[in-house]
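Dear colleague,

I am passing on the structure below, together with notes on what was found in it. Please read the notes with the structure open beside them.

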Amino acid sequence: MKRVAIPAVALVLCSALLLRVGAQDKPAAAATPPAAAASAPAEVICFESRQGGATDVTQRELKPGLPNVKCSPVTGAALWYGDPYDGTVPMGAMPGLEALPEGTAVVKPRSTKLNLLAQCGTACHNGVFPKGFPKNNRPVPIPTMEGMLPDVKTFQHGRGRIWCLECHHSTKRNMLVDHFGDPISFDQPQLLCGKCHGDKLRDWRDGIHGKRIGDFTSTGKKRWFTCTECHNPHNVQDGARDRGFVQLKPETPPQMPRGMKDAAFEKTHPIPH
Ligand code: HEC
Ligand code: HEC
Ligand code: HEC
């Protein structure tokens, strides 16, 4: 993981720049919803990092001929951005990043993706209903929540050692919580994750964990992907691997350079030794 991370981040930053100049020209036909009306062009929706709606982006034109995003026809993943800062907001105060010039670190707010958030502290958990607040954070069955959020039923984070109120503020339910009991915005999940995964937060700050796109220069503006854009906090030991990250389908290999029939040329060293 660590060994691939550095070049991968650099590559992402480079390709963000390169691709802005030499955009690919094939129209993306990823993950198109099946039954769009025959007359209207089908909506193209791609995902950025987490599949299943958590990081979906709908393709649209920023100006004629310039889409906000191009999607992989193979995986449905976002491959290229017409504007890497589209839909972003400033990252907000972040310990350890005070030296960054203002406005150069931006993120996509998570709150716009959370359908239940509007009800969390108002219609539900408003101090009246359900009655009172839990006194501790021991795991208990919560069928009403399971109905609304199936993730809860399959909850898998910390192998049985952590539960809802380790992360969610007990009285302000539209907020996350830090180690002092102070609220954290859903748009700054790194502050939450960092309280238990300090090493990963440090790596993320240093650019060797996670992903950034945008201006490649060191002081240039970048969009930082936040922790929950890649990790589902309710299910981090995901899938058959029982760890880390849901595996993405690989892209097909790039085309052979013109005139090449197979990949044998890769084995020939340009400098004889
Ligand atoms: C490890 C920390 C953590 C734990 C433990 C945790 N959550 Fe969450 N929860 C989060 C974060 C972070 C988000 C925002 C996710 C995102 O941005 O995609 C969230 C989102 C939610 C949402 C909003 C979902 C939506 O789509 O609108 C609900 C409801 C929720 N959690 C309930 C629970 C319940 C109930 C439990 C206990 C069974 C729980 N959470 C345990 C961190 C946690
Ligand atoms: C209250 C402490 C706590 C918080 C907050 C927390 N985690 Fe965890 N996390 C854990 C524990 C404990 C484990 C289990 C480690 C193990 O099994 O070795 C874990 C495991 C993980 C794993 C899987 C590691 C593996 O070995 O497969 C990931 C990924 C992860 N957390 C990401 C996050 C993200 C992202 C957030 C913020 C949304 C977060 N965590 C917030 C305590 C926490
Ligand atoms: C661009 C996507 C992305 C972002 C953003 C991201 N991660 Fe990860 N993270 C990964 C991938 C990929 C892995 C490797 C998981 C695997 O081994 O399958 C990983 C692994 C982890 C692990 C488990 C490491 C281990 O030892 O197995 C933890 C914990 C974790 N991330 C926490 C975080 C935290 C905290 C943040 C935010 C500060 C964050 N991640 C941001 C993609 C991301």
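The iron atom of ligand 2 has an octahedral site, with angles of 88 to 178° among its six donor atoms; octahedral here requires six donors with opposite ones over 155 degrees apart and all others between 65 and 115, and donors are N, O and S atoms within 2.8 Å of the metal (3.2 Å for Na, K and Ca), with water not among the atoms, so sites may look incomplete. His157 lies in the loop between α3 (143-148) and β9 (176-177) and His197 in the loop between α4 and α5, so the pair ties together parts that are 40 residues apart in sequence. Both coordinate this iron atom through NE2, at 2.0 Å.

Please bear in mind that this is a predicted model, in which local features need pLDDT of at least 70 and side-chain atom pairs count only at pLDDT 80 or more, while totals for chains, interfaces and linings use all residues. Residues are numbered from 1 along each chain as its sequence is written, chains are lettered from A and ligands numbered from 1 in the order in which they are written, and side-chain values use heavy atoms, with hydrogens and water left out.

The iron atom of ligand 3 also has an octahedral site, with angles of 88 to 179° among its six donor atoms. Its protein donors are His209 (NE2) and His231 (NE2), lying 2.0 Å from the iron. His209 lies in the loop between α5 (198-206) and β11 (212-214) and His231 in the segment after α6, so this pair ties together parts that are 22 residues apart in sequence.

Around ligand 2 there is a shell of 19 residues, the closest being His157, Arg159, Cys193, Cys196 and His197, where a residue belongs if one of its heavy atoms lies within 4 Å. The shell divides into eight nonpolar, seven polar and four charged residues. A polar side-chain atom of Arg159 lies 2.7 Å from an oxygen atom of ligand 2.

Finally, the largest cavity is lined by residues that include Val57, Tyr81, Lys108 and Arg223, and its lining divides into four nonpolar, one polar and four charged residues. A cavity is a set of points on a 1 Å grid over the protein atoms alone where a 1.4 Å probe fits but cannot get out, and lining residues have an atom within 4 Å of a point.

Best regards

Conventions. A polar contact is a pair of N or O atoms within 3.5 Å; within protein, one must be able to donate a hydrogen and the other to accept it, and residues adjacent in sequence count only if both atoms are side-chain atoms. Ala, Val, Leu, Ile, Met, Phe, Trp, Tyr, Cys and Pro count as nonpolar, Asp, Glu, Lys and Arg as charged, and the others, Gly among them, as polar. On a 1 Å grid over the protein atoms alone, a cavity is a set of points where a 1.4 Å probe fits but cannot get out, and a pocket is an open set with protein on both sides within 12 Å along at least five of seven lines; lining residues have an atom within 4 Å of a point. Four donors count as tetrahedral if all angles lie between 85 and 135 degrees; four count as square planar and six as octahedral if opposite donors are over 155 degrees apart and all others between 65 and 115; anything else is irregular. Helices (H or I, at least four residues) and strands (E, at least two) are DSSP runs, numbered from the N terminus.
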